[in-house]
Amino acid sequence: MATEKNTSIAIEQLIKGVQKGDTASLARAITLVESTRQESAQKAETILEECRKTTCESIRIGITGVPGVGKSTFIEALGLLLTTFGKKVAVLAIDPTSSETKGSILGDKTRMPELVKNPNAFIRPSPSSESLGGVSRKTRESIILCEAAGYEVILIETVGVGQSETIVHSMVDFFLLLKLPGAGDELQGIKRGIIEMADAIVINKADGDNLKAARIAQTDFHKALHLYPPKANGWVPKVLSCSALKNEGIAEVWELIATHYQEGSKSGSLIHRRKEQNKYWLLQTIEDRLKFDFYENNGVKKMLQTLMTDVFENKISPFVAAQQLLSLYKSESN
C-alpha cells in the first residue's frame with residue numbers, strides 16, 4: 001500500500017516538474033512514455049492526461065529530407081534564431097533503428113552543439129524503432145509533454161530514408177521538405193507523394209558553387225507545385241532556398257511558417273486540422289494497443305515460434321498461420 005502511495009506521489013511530482021518546465025522531469029516523463037514495459041503504461045497514461053490539460057499554444061513543424069540534406073544543421077540554425085525571439089524550442093529528433101541489431105546511434109545532440117547548450121532549447125533524440133514514416137512510436141505523446149513544459153515551437157526531425165511520411169504529416173501544423181540543389185531529382189516534384197504533403201520546399205546548401213543549381217531547383221519545384229491544386233485550407237506551398245551552414249535565408253523560412261500559422265489560426269483551418277489529427281490518432285492508438293496486447297499474449301508467444309518455424313520450412317502458409325494465431329488470441333481474450 002505504501003509503495004502505491006509513494007509511486008503516486010512520485011508521478012505527481014514528475015507532472016509538476018514537467019509543467020514547471022524542468023528539463024530533467026520532461027526527459028524522465030518522455031522515457032516513461034516511450035517504455036514498452038507493461039508497468040510503465042498506466043503511469044504514462046496518468047502523466048499524459050494531466051499534462052494534456054496544461055499545454056501551451058505551440059507550432060508543430062515536421063522537417064524531412066534525405067540523409068545528407070542538412071536537417072540537423074537547418075534545425076539548429078532555425079532553433080537558435082527562434083530562441084533569440086525569446087521562444088522555447090523543443091526538438092524531437094528521430095534516429096534510425098537498425099533492423100538487424102535494433103540499436104540506434106542517437107547522435108543528434110552532437111550534430112546540434114550550439115542549440116543543445118541553449119537554455120531555451122530541449123533536444124530529445126529517440127530511436128525510430130522501425131516505425132512507419134521514420135517517427136518514434138511515441139512522438140505524438142512527446143509533443144504533448146513538451147507543450148505542457150511550455151515549449152512554443154516543436155520541431156520534429158524525421159529519419160528521411162524513403163519511408164512513408166504520412167505519419168509525420170498527421171501530427172504537425174506545418175510540413176517542411178528539405179531538398180539538395182543539383183541532386184538530379186528536381187523533376188520528381190511532379191509526382192504525387194511527399195511533395196504533395198509539403199507546405200513548403202526549402203532548397204538547403206544554397207551557397208558557393210551550389211548557388212546556380214539552387215536557383216534552378218527552386219524554379220523547377222515552383223513550376224511543379226503549380227501542377228497541384230491548392231490545399232484544402234487554401235494554402236499554396238512555397239519554394240525557398242537557404243544556407244543553414246551560413247545562416248542565410250533561415251529568417252525567411254520562419255516568416256513563411258509563421259504566416260501559415262497565423263492564416264490557419266484566423267481561418268480556423270488549424271483547429272480543424274488538429275481535430276482531424278486527433279481522430280487519426282484515436283484509431284492509431286487502438287491499432288498500437290491491439291498489436292501490443294497481441295504479441296504480449298502468453299498463448300500467442302508460445303505458438304508464434306512454432307508457427308514461424310513451420311512457415312520457414314514451408315509446412316504451412318503465412319496466411320493460415322496468421323489465422324491460427326488470431327483465432328487463439330480471440331479465444332483467450334473472450
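Glu-34 and Arg-124 are joined by a salt bridge, with their closest N and O atoms 3.0 Å apart. A salt bridge here is a side-chain nitrogen of Lys or Arg within 4 Å of a carboxyl oxygen of Asp or Glu. The pair links distant parts of the chain, since Glu-34 sits in helix H2 (residues 23–34) and Arg-124 in strand S3 (residues 121–127), 90 residues apart. Helices (H or I, at least four residues) and strands (E, at least two) are DSSP runs, numbered from the N terminus. Arg-124 counts as buried because its relative accessible area is 13%; buried means under 20%, exposed over 50%, and partly exposed in between, with a 1.4 Å probe and protein chains only.

The structure is a predicted model, in which local features need pLDDT of at least 70 and side-chain atom pairs count only at pLDDT 80 or more, while totals for chains, interfaces and linings use all residues. Residues are numbered from 1 along each chain as its sequence is written, and side-chain values use heavy atoms, with hydrogens and water left out.

The search of the whole structure finds 12 salt bridges. Among them is the one between Glu-50 and Lys-53, with the closest N and O atoms 3.1 Å apart. Glu-50 is partly exposed because its relative accessible area is 32%, and Lys-53 counts as exposed because its relative accessibility is 59%. Another joins the side chains of Lys-301 and Glu-296, at 3.6 Å from N to O. Lys-301 is partly exposed, with a relative accessible area of 40%, and Glu-296 is partly exposed too, at 38%.

Now for the chain as a whole. The secondary structure comes to 12 helices and seven strands. Of the 334 residues in the chain, 45% are buried. The chain exposes about 17800 Å², and carbon and sulfur atoms supply 55% of this area; accessible areas come from the Shrake-Rupley method with a 1.4 Å probe, and for residues only the protein chains shown count as cover. Among contacts with a separation of 6 or more, 75% are between residues 24 or more positions apart, where contact means heavy atoms within 4.5 Å.

What lies inside? In soluble globular proteins, nonpolar side chains tend to be buried together. A nonpolar core is defined as a set of buried Ala, Val, Leu, Ile, Met, Phe, Trp, Tyr and Cys residues joined through side-chain atoms within 4.5 Å. The largest such core has 44 residues, of which Leu-26, Ile-47, Leu-145, Cys-146, Tyr-151, Ile-154 and Ile-201 touch the most other members. Apart from this core lies another, of 35 residues, including Leu-115, Leu-178, Trp-235 and Ala-258. Ile-47 touches Ile-11, Leu-14, Ile-15, Ala-29, Leu-32 and Leu-145, leaving aside residues up to four places away in sequence.

Leu-145 and Cys-146 are among the buried residues of H5. Helix H5 (residues 139–148) is mostly covered, with 10 of its 10 residues buried. H5 is followed by Gly-150, which has a positive phi near 95°.

Lys-231, in the loop between helix H8 (211–225) and strand S7 (238–241), is buried yet has no salt bridge. The nearest side chain of opposite charge is Asp-199, 4.1 Å away; in this count Lys and Arg are positive and Asp and Glu negative, while His and the chain ends are not counted. Leaving aside residues up to four places away in sequence, Lys-231 touches Glu-196, Met-197, Ala-198, Asp-199 and Pro-237.

Lys-205, in the loop between strand S6 (200–203) and H8, has a positive phi near 60° although the residue is not glycine. Lys-205 is partly exposed, with a relative accessible area of 33%. Asn-314, in the loop between helix H11 (298–312) and helix H12 (318–333), is another residue other than glycine with a positive phi, near 65°. Asn-314 counts as exposed because its relative accessible area is 67%.

On the surface, Leu-282, Leu-283, Ile-286 and Leu-290 form a nonpolar patch with about 390 Å² of accessible area together. Patches are made of residues with over 30% relative accessible area and no salt bridge, with like charges joined within 9 Å and nonpolar side chains (Val, Leu, Ile, Met, Phe, Trp, Tyr) within 5 Å. Leu-290 lies in helix H10 (residues 269–296) and is partly exposed, at 48% relative accessibility.
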